[in-house]
Amino acid sequence: MYRYHVARPHEYLAITGLGINDMTLCKDAYIWPLFQKCIRIYVFPTTCTFCIMAKSADDVTFIMTTSFEMGPRVDDKIALLLYAKLVYPCEKISLHNHAHKRVYDVIKVEIRAVASLMTMEEICKDFEAFKEKVLHKIELQLIQFGLVVIQVIDVKKRVLEKIELEALRRKMMEVCKRRVRGHVPGSLCYDC
């Protein structure tokens with residue numbers, strides 16, 4: 001009545017059911033087919049690309065495109081159990097499926113939170129500091145899922161050019177509106 005299951009090198013077996021309080025992770029196990037359920041959890045790091053629209057403190061909207069290589073912490077059993085609970089609902093699941101949406105939501109919230117505290121000038125002048133703040137906040141939130149950011153692969157600098165152009169356009173419009181009202185001398189106005 002038993003079935004013997006063995007995980008591949010990049011997998012763990014997540015077992016639930018009779019005789020198990022919550023969930024057990026192991027590399028090989030005997031499973032009772034009618035009373036226990038066994039799902040393979042893949043632990044390869046995966047690359048996730050995110051395109052997130054955010055607003056700065058001065059209400060300038062921008063789009064940040066970034067790629068993270070992330071995966072579960074295999075050396076920590078508690079973190080691995082948290083990761084298994086995140087991806088457990090579906091069989092043969094990786095970070096790209098069910099868990100991707102939950103991780104995307106966390107990253108989106110953290111990028112928007114950091115961006116809303118900084119002006120566009122601060123983001124453009126010290127983009128590396130902005131990137132570090134976002135990465136630090138994201139890592140703190142991903143601990144609850146047992147994930148770790150292995151590497152930040154790409155943050156599009158092309159977005160910064162659009163941001164700078166948008167900020168310049170807004171500044172020109174404000175100066176032109178003030179000039180029409182008579183509040184700014186003509187020498188400060190750009191080509192209106």
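**Figure 1. Lining of the largest pocket.** Helix α5 (158–181) gives the most to the lining of the largest pocket, with 6 residues. The model is predicted: local features need pLDDT of at least 70, side-chain atom pairs count only at pLDDT 80 or more, and totals for chains, interfaces and linings use all residues. Residues are numbered from 1 along each chain as its sequence is written, and side-chain values use heavy atoms, with hydrogens and water left out. The largest pocket has a volume of about 320 Å³. Its lining has 12 residues, of which D58, M120, E121, A167 and L168 are the closest to the centre. Along with α5, helix α3 (120–125) supplies at least two residues of this lining. By class, the lining holds 7 charged, 5 nonpolar and no polar residues. Here a pocket is an open set of points on a 1 Å grid over the protein atoms alone, where a 1.4 Å probe fits, with protein on both sides within 12 Å along at least five of seven lines; lining residues have an atom within 4 Å of a point. Points are joined across faces, edges and corners, and the volume is the space filled by probe spheres set on them. Ala, Val, Leu, Ile, Met, Phe, Trp, Tyr, Cys and Pro count as nonpolar, Asp, Glu, Lys and Arg as charged, and the others, Gly among them, as polar.

**Figure 2. Elements along the chain.** The protein has 5 helices and 8 strands, in the order β-β-β-β-β-β-β-α-α-α-α-β-α along the sequence. Helices (H or I, at least four residues) and strands (E, at least two) are DSSP runs, numbered from the N terminus.

**Figure 3. The largest nonpolar core.** This core has 37 residues, and M70, I107, F130 and L142 have the most contacts inside it. Elements giving two or more residues to this core include β5 (36–42), β7 (61–72) and α4 (127–142). Helix α2 gives the most, with 7 residues. The core lies between domain 1 (3–42) and domain 2 (46–180), because both give residues to it. The domain bounds come from an automatic or database domain assignment. A second, separate core of 6 residues includes A7, C26, A29 and I31. A nonpolar core is a set of buried Ala, Val, Leu, Ile, Met, Phe, Trp, Tyr and Cys residues joined through side-chain atoms within 4.5 Å. Buried means under 20% relative accessible area, exposed over 50%, and partly exposed in between (1.4 Å probe, protein chains only).

**Figure 4. Surroundings of L142.** Not counting residues up to four places away in sequence, L142 touches M70, V103, V106, L147 and V149. Contact means heavy atoms within 4.5 Å.

**Figure 5. Y4 in strand β1.** Y4 is in strand β1 (residues 3–6) and, at 46% relative accessibility, counts as partly exposed. Leaving aside neighbours within four places in sequence, Y4 is in contact with D28, A29 and Y30. Y4 and A29 are 25 residues apart in sequence and 5.8 Å apart in space, C-alpha to C-alpha.

**Figure 6. I39 in strand β5.** I39 is in strand β5 and counts as buried, at 1% relative accessibility.
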